[in-house]
Amino acid sequence: MGIQIRNLCKTYNGQKVLDHFCAEIPEGVTTCIMAPSGKGKTTLFRILLGLEEADSGVIKGLENRQLRAVFQEDRLCENLTAEANIRLVQKGKKGKSQEFLQQVEEGLLAVGLKDCGKRQVKELSGGMKRRVALLRAIYADWDVLLLDEPFKGLDRETRECVLAFVQERFREKTVLCITHEREEAEALGAKIIAL
Ligand SMILES: Nc1ncnc2c1ncn2[C@@H]1O[C@H](COP(=O)(O)OP(=O)(O)OP(=O)(O)O)[C@@H](O)[C@H]1O
């Protein structure tokens with residue numbers, strides 16, 4: 001069924017940020033939204049998450065769906081370890097299970113964060129935090145994953161590792177990713193929507 005966005009409008013202080021924006025986000029596919037800076041990508045993202053209200057327009061297909069998001073700012077708990085941040089979003093006992101911890105360790109290794117699981121987030125670099133935020137979202141339960149520039153601040157080699165890792169996890173899932181880089185969209189095999 002996917003997500004249908006129809007005639008979305010948003011104006012800030014007389015500035016039209018979204019002007020009758022329409023899009024189809026297919027189910028089970030990665031879609032990348034691309035546009036230059038300041039064109040309203042984050043505004044759209046916030047509206048989809050229900051954090052901002054559109055002036056008009058309709059969004060269908062998000063009713064009763066579990067959404068997860070990675071924001072431009074990482075929103076991690078700085079005093080907790082990377083591993084604890086990732087476990088935090090798990091309900092019940094799952095986060096403490098040996099199987100889950102093993103998965104997290106494998107994920108950290110795959111994105112170039114070997115031996116970082118036990119380090120406090122405040123000790124990590126911006127690019128390292130980005131990857132922890134991404135892993136936290138990926139390992140949570142979700143129907144739709146929204147990512148706002150998830151690969152920002154990563155060098156080419158690291159970005160390639162992360163892209164390869166997430167591509168596996170995004171297979172047949174509904175992911176909406178905001179990016180400036182066509183290369184990233186192509187690496188994800190994504191449908192591209194220009195804003
Ligand atoms: N809460 C707000 N109040 C007033 N103006 C806002 C607000 N949020 C966003 N804007 C304006 O809306 C426009 C679009 O901002 P938005 O952050 O959605 O762009 P973006 O495409 O995500 O940019 P970037 O790629 O740089 O992150 C900008 O001109 C911004 O100043």
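In this predicted model, Thr30 stands opposite Val175 in strand S7.

**The five-stranded sheet**

S3 and S7 are part of an open sheet of five strands, arranged in the order S5-S6-S7-S3-S8 with parallel pairing. Strand S5 (67-70) and strand S8 (191-194) each have a single partner strand, so they stand at the edges, and one side of each is left without a neighbour in the sheet. From one strand to the next, the twist averages 20°. In a regular strand, side chains alternate between the two faces of the sheet. Helix H1 lies across S3, strand S6 (144-148) and S7, and runs at about 150° to S6.

**The hairpin**

Strand S1 (residues 3-12) and strand S2 (residues 15-25) run antiparallel and are joined by seven bridges. Tyr12 has Gln15 in S2 as its bridge partner. Two residues lie between S1 and S2, which form a hairpin, and Asn13 in the turn has a positive phi of about 45°.

| Strand pair | Direction | Bridges |
|---|---|---|
| S1 (residues 3-12) and S2 (residues 15-25) | antiparallel | seven |

**The surroundings of the ligand**

Which residues are around the ligand? They are Tyr12, Asn13, Val17, Ala35, Ser37, Gly38, Lys39, Gly40, Lys41, Thr42 and Thr43. By class, this shell divides into three nonpolar, six polar and two charged residues. Helix H1 (residues 41-48) supplies the largest share of the shell, namely three residues.

**Two helices side by side**

How do H4 and H5 lie relative to each other, and what angle do the axes make? The axes of helix H4 (residues 126-138) and helix H5 (residues 156-170) come within 12 Å and cross at roughly 5°. Angles under 35 degrees count as roughly parallel, and H4 and H5 are therefore roughly parallel to each other. H4 contributes Gly127, Arg131, Leu134 and Ile138 to the contact, while H5 contributes Thr158, Val162, Val166 and Arg169. This contact has four nonpolar, two polar and two charged residues.

**The annotated span**

In an unreviewed entry, UniProt lists residues 3-195 as "domain: ABC transporter". The end C-alpha atoms of residues 3-195 lie 16 Å apart, and the span is 32% helix and 26% strand.

Methods:
Residues are numbered from 1 along each chain as its sequence is written. This is a predicted model: local features need pLDDT of at least 70, side-chain atom pairs count only at pLDDT 80 or more; totals for chains, interfaces and linings use all residues. Axes are lines fitted to C-alpha atoms, for helices over the stretch in contact, and angles run from 0 to 180 degrees between N-to-C directions. Helices (H or I, at least four residues) and strands (E, at least two) are DSSP runs, numbered from the N terminus. Angles under 35 degrees count as roughly parallel, over 145 as roughly antiparallel, 65 to 115 as roughly perpendicular and the rest as oblique. Two residues are in contact if their C-beta atoms, placed from the backbone, lie within 7 Å. Ala, Val, Leu, Ile, Met, Phe, Trp, Tyr, Cys and Pro count as nonpolar, Asp, Glu, Lys and Arg as charged, and the others, Gly among them, as polar. UniProt positions are given in the numbering used here, feature names are shortened, and annotations may be inferred rather than shown by experiment. A residue is near a molecule or strand if its C-beta atom, placed from the backbone, lies within 6 Å of it. Two strands pair if DSSP finds at least two bridges between them.
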